[in-house]
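Work through the exercises below with the sequence and the model open. Try each task before reading its solution.

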Amino acid sequence: MSGTKCTRLTGALVKPVLDSVDSVLFDCDGVIWRGDQAIPGASQVINLLKESGKKVFFVTNNSTKTRKMYVEKMTTMGFNASEEEVFGTAYCSAMYLKNECKLEGKKVYLIGSNAMRDELQAVGIQQTGVGEDHISGKQMDWANVDLNPEVKAVVVGFDEHFSYTKLNRALQYLIQQPGCLFVGTNRDTRLPLEGGKAVPGTGCLLQAVETAAQRQALTVGKPNRYMFDCVASQFGVDPGRCLMVGDRLDTDIMLGSNCGLKTLLTLTGVSTVEDAEAHQKSGCAERQGMVPDYYVESIADLLPALQG
């Protein structure tokens, strides 16, 4: 295997790399699918990796789906996947709040989706906040909005109903409720779409709350290592024999670097080889963490080695 970073993974190099790992973590959008279309060859790669005895996991910063919803989507696309293999930020946030924050049986103020509500409820955490938030005319004293005294944390994920009202209510919880915790799913600022389009990501909402509260949230999603720790603690994954496959340098590849994993960039999503090379030449230690060990045009490039 090549000793240099950002090496194209092709030909005779593929099998030794795959032989050197027991577990493979895949990001989803931009790696195994784009929108509602599977990346050609992706399902065969996933299924053949499993048939060869590899552990396969799916790690995504998207907080709008439960594990069950992800499996339903993957099944329709021909992927062999189970709920236990899916680690989205809705689930990982619930696990963090339960195991690290000890909030089982408690309540949180949730700026987020129905999926986040469902994952929280599944681990015994109640929420208030999902859906639209309207303050009635008699409550326009913004600094004195009604607060639920049982709320122990403010949790921020993707929320299509985000508003000034929710921003203000989150702020009031954080400055008025003693010991109120502050957790975010991820810091992705933009969600790229087909044709060069994009929409604001969860990071924009999280930064708004952080700016108002003058306080930084703990984020559980990539590149924070908690997402990998969640997988490793449940399945005994050895970091030294694990490969992280992703399309974003600042989340997927950085997660791999943060956790001591081998890293593979696929060019079917956001980042480019030119982006990686710019980081490599920068001389900046933090940017070096965004340089992958290997890259492929598509994960379908792994098929020949898997088909033997």
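**Exercise 1.** In this predicted model, find how many bridges join β10 to β13, and in which sense the two strands run.

*Solution.* Start with the count: 2 bridges join β10 to β13. The two strands run parallel. Next, look for a residue pair: Gly184 has Thr219 in β13 as its bridge partner.

**Exercise 2.** Trace the pairing from β7 through β9 to β10.

*Solution.* Step one: β7 (residues 107–111) pairs with β9 (residues 151–156) in the parallel sense, over 4 bridges. Here Leu110 has Val155 of β9 as its bridge partner. Step two: β9 is joined by 4 bridges to β10 (residues 181–184), again running parallel. On this side, Val155 stands opposite Val183 in β10. Step three: follow the chain; β9, helix α6 (residues 164–176) and β10 form a right-handed β-α-β unit.

**Exercise 3.** Describe the largest pocket: its volume, the residues closest to its centre, and the classes in its lining.

*Solution.* The volume is about 850 Å³. The pocket is lined by 33 residues, and those closest to its centre are Asp29, Asn62, Leu191, Pro192 and Leu193. Sorted by class, the lining has 9 nonpolar, 12 polar and 12 charged residues. Elements that each supply at least two lining residues include α3 (67–76) and β11 (190–192).

Conventions. Residues numbered from 1 in each chain as written. Predicted model: local features only at pLDDT ≥ 70, side-chain atom pairs only at ≥ 80, totals over all residues. Heavy atoms only, no water. Pairing = 2+ DSSP bridges. Right-handed = clockwise from strand over helix to strand, strands pointing away. 1 Å grid on protein atoms, 1.4 Å probe; cavity = no way out; pocket = protein on both sides within 12 Å on 5 of 7 lines; lining within 4 Å. Points joined across faces, edges and corners; volume = space filled by probe spheres on them. Nonpolar A, V, L, I, M, F, W, Y, C, P; charged D, E, K, R; others polar.
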